[in-house]
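Please take a walk through this model with the structure open beside you.

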Amino acid sequence: MDLTKIRSDFPILSNQGIYFDNACQSLRPQQVIDAITEYYREYPACGGRSMHHLAAKVTQKCDEARQTIANFVNAKTKEEIIFTRNTTEGINLVAHSLGFKKGDIVITTDKEHNSNLIPWQILKEKIGIKHIILPSKIDNTFDTENFKKVLNNDKVKLVSLGFTSNLDGVTIPAKEIVEIAHRAGVLVLLDGAQAVPHQKIDVQELDIDFLAFSGHKMLGPSGTGVLYGKYKLLEKLEPFLVGGDTVSESTYTSHKFLSPPEKFEAGLQDYAGIIGLGEAVKYINKVGYEFIQKQELLLNKYITSELQNISGLKVIGPSDSEKRGGIVSFYIPNKDHHQIAIMLDETAKIMVRSGQHCVHSWFNAKNIKGSVRASFYFYNTMEEAEIFVRELKKICFVL
Amino acid sequence: MFCIIAFVVLSIIGIFNVSYRELAKEAYDCVFRRITRRPCNTGFKEKMKAKLVGKVLNHSTIIAKFLNKNFELLSWVLFLATIGSIFWTGKGLFNFYMYGSCNGLNKSGFCALDPKGENNKVSSAGGSCGTGEGDESKVTLENVNLDIFPTQNTDSKDTVVLIGCYSCDYTRKAYPLIKKLISENKVNYIFAHYPVKEETLYLLPIGYCAYKQDKNKYWQLNDKLFDNSKEDIAKKEFVDNLLKDVGYDVNSINSCVVSTETNLAVVERRIELEKTNIYGTPLIFINGKGLVGPKPYRVYERMVKGW
């Protein structure tokens, strides 16, 4: 792949500095922007409702996007793809629809994003489920042996895990985890927000029950997301957001839900976003995961090796950069992470994230104030990585 | 300490640029928390410090390191400088209101509110217009016999003395204000002609004789000399006509002008005026306080009326 040509597809890259905040939100190529504007310019109508030709066009485009995304994660049918606003909504949908009862157990790890933590805390308070938090190993990787032990309880109903951590970029051994969980008769929900944009996910091969991911981290429009679910499971779920377009008919006293995915997609949808997301997936397919991962690992390897030369700097997660995908999260004790991030922006327009990255629980447990997180995507270059290292070294000297 | 500085600075900038208002609000929140003995939890100081140090870092690593290390100390320095600046600004505003100059009464240094120093300018006794060279602190009425100068006595406790020159631009600027002052307030008024230019020297004996012959007509003549142009009043024929217009006997005035007695009287008045340490016109005394140059009307009025 020609990186220069790829970068030319992203208008913002021409003049806005170095974007290393891709774990928060990726940039969008012109193709996605065009797809969104095309909707508003050429067929800005409702989908799935009206009978006129513009509506038919919207329905067709959204169906195409759904099919593209289904193929992308290798879902059996496009009906297994539910459009949401983001990963958080997808997880909440499962949490509120799976029919948890008092005493049911949900297992997560100790470094989940708040979107995969708070819903279970709420269910614990409201219904009385039990929430087991599985500690990670010392290098922040998944502790499979311990996982097997906690699964040994017939009350465990769901294992809900971050596929790739937004904290440190570590990816869990999903296939093994799913196999273990299924052997125990437990469903698996994976938070794929940081995984789907960066690695090939085959939901059939992995046998995942539910997979939630966001459009805005994978070149798609913000406010778009997907919940994949095995169709037979989706059929059993009760929708938690209901209303327009979720039912085939209703009387003053009753209603009949449509089949998945419609019954979960209440109200008018973000058609432009859905179509844009479909275009984003096409773009990722065009670039290919091989190139994406190669580029991310190249940058991570270089930056990780350079960061080792900075006195006192601690990288969160495994020291091996290959285990951290496109994320380098670090902190320097007694030096303010926000200050470092602001100074990177001031000195060379380098955009990184600082803080606790919605993983407050992990930071609080470790008594760490926060970290600076540099996260890469395939359009980032080695030259940008070199500038990042150079500026960071200068800042560390000053602070 | 930085929050206080930032609050003051950002509040001022925020008046002109909306993008700074949010920062000013953050700074205020920080200040308020400090005042109420709570920790500032917005990270405002750290954020601003990072921005400032980051900007400096683009130019010099060493200076950036110094700034980062001594940020609190520099904040204190800036704070004290701000306090000083506010004090001096306040003092300048006060002086400008009171005396027409930011620097104080008759002080001719730069004043942003009167950048050209118009309120302190005099026509110097040397003959050229501009800021006179002299010591404004020495101007005084002490030992000056004012009884020999034209006077409008109203038996008031307040006395205004105008020492001016008919051909001086700055006296011409002050004259209507003094006229207004004496018409709106019950004050004793004394006028002394102190020519700083040769072309109006000849008006000294004319003025003496005119006042001697008819005090009421003298004030009319005085007004006319200020109302007409400098060029016109430099001509003897023109002034003769003014005398005629006012009702004087021109021949009689002219006879008086050349008399020895008039000559001595003129010299006597000049000697008296020199005692004021005058170095330019206008020089105005209100209740004995000397004002060099044409001040804003409020200054004159306040000195008569008080607060």
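**A sheet in chain A**

In chain A, four strands form an open sheet in the order β11-β12-β15-β14, with antiparallel pairing. At its edges stand β11 (314-315) and β14 (353-355) of chain A. Each has a single partner strand, so one side of each is left without a neighbour in the sheet. Look at the β11 edge. Two bridges join β11(A) to strand β12 (residues 327-331) of chain A in the antiparallel sense. There, A:K314 stands opposite A:Y331 of β12(A).

This is a predicted model. Its scores are ipTM 0.75 and pTM 0.76.

**A buried strand**

Now move to strand β7 (residues 210-214) of chain A. Are its residues buried or exposed? Five of the five are buried, so β7 of chain A is largely enclosed by the rest of the structure. Both faces of β7(A) are covered. One side carries A:F210, A:A212 and A:S214. The other carries A:L211 and A:F213. The cut-off behind the word is simple: a residue is buried if 20 or more other C-beta atoms lie within 10 Å of its own.

Which strands pair with β7(A)? Strand β6 (residues 187-191) of chain A pairs with β7(A) in the parallel sense, over three bridges. In that pairing, A:L189 has A:F210 of β7(A) as its bridge partner. Strand β8 (residues 225-229) of chain A runs antiparallel to β7(A), and five bridges join the two. Here A:F213 stands opposite A:V226 of β8(A).

**Chain A as a whole**

Step back from the strands. Chain A holds 14 helices and 15 strands. Its radius of gyration is 22 Å, close to the 21 Å that the globule rule gives for 399 residues, so chain A is as compact as a globular protein of that length. The C-alpha trace of chain A spans about 70 × 55 × 35 Å along its principal axes. Of the 399 residues of chain A, 49% count as buried. Consider the contacts in chain A with a separation of 6 or more: residues 24 or more positions apart account for 71% of them.

Chain A is divided into domain 1 (32-286) and domain 2 (288-398). Their centres, taken over C-alpha atoms, are separated by 28 Å. How many residues does each domain bring to the contact between them? Domain 1 of chain A gives 18 residues, and domain 2 of chain A gives 20 residues. The side of domain 1 that touches domain 2 has three nonpolar, ten polar and five charged residues.

Chain B averages a pLDDT of 87, and 95% of its residues score at least 70. Chain B is also divided, into domain 1 (2-88) and domain 2 (118-305). The C-alpha centres of these two domains of chain B lie 56 Å apart.

Now find the interface. Here 15 residues of chain B are in contact with twelve residues of chain A. On the chain B side, α3 (44-57) and α4 (61-69) each supply at least two residues. The largest share, nine residues, comes from α3(B). By class, this side of chain B has four nonpolar, five polar and six charged residues.

**Backbone details**

Most residues other than glycine have a negative phi, and most peptide bonds are trans. A few places in this model depart from that.

Start with the prolines. The peptide bond from A:P260 to A:P261 is cis, with omega near 5°. A:P261 is found in the loop between β10 (255-257) and α10 (271-287) of chain A. In chain B, the peptide bond from B:T281 to B:P282 is cis, with omega near 5°. B:P282 lies in the loop between β6 (280-281) and β7 (283-286) of chain B.

Then check two asparagines. A:N74 has a positive phi of about 60° although it is not a glycine. Its place is the loop between α3 (53-72) and β2 (81-84) of chain A. With 14 C-beta neighbours inside 10 Å, A:N74 counts as partly exposed. B:N277 also has a positive phi, near 65°. B:N277 sits in the loop between α12 (260-274) and β6 of chain B. It has 17 other C-beta atoms within 10 Å, so B:N277 is partly exposed.

Key:
Residues numbered from 1 in each chain as written. Chains lettered and ligands numbered in written order. Predicted model: local features only at pLDDT ≥ 70, side-chain atom pairs only at ≥ 80, totals over all residues. Contact = placed C-beta atoms within 7 Å. Nonpolar A, V, L, I, M, F, W, Y, C, P; charged D, E, K, R; others polar. Domains from an automatic or database assignment. pLDDT = per-residue confidence, 0-100. Rg over C-alpha atoms; globule rule 2.2 N^0.38 Å. Buried ≥ 20, exposed ≤ 12 C-beta atoms within 10 Å, placed from the backbone. Pairing = 2+ DSSP bridges.
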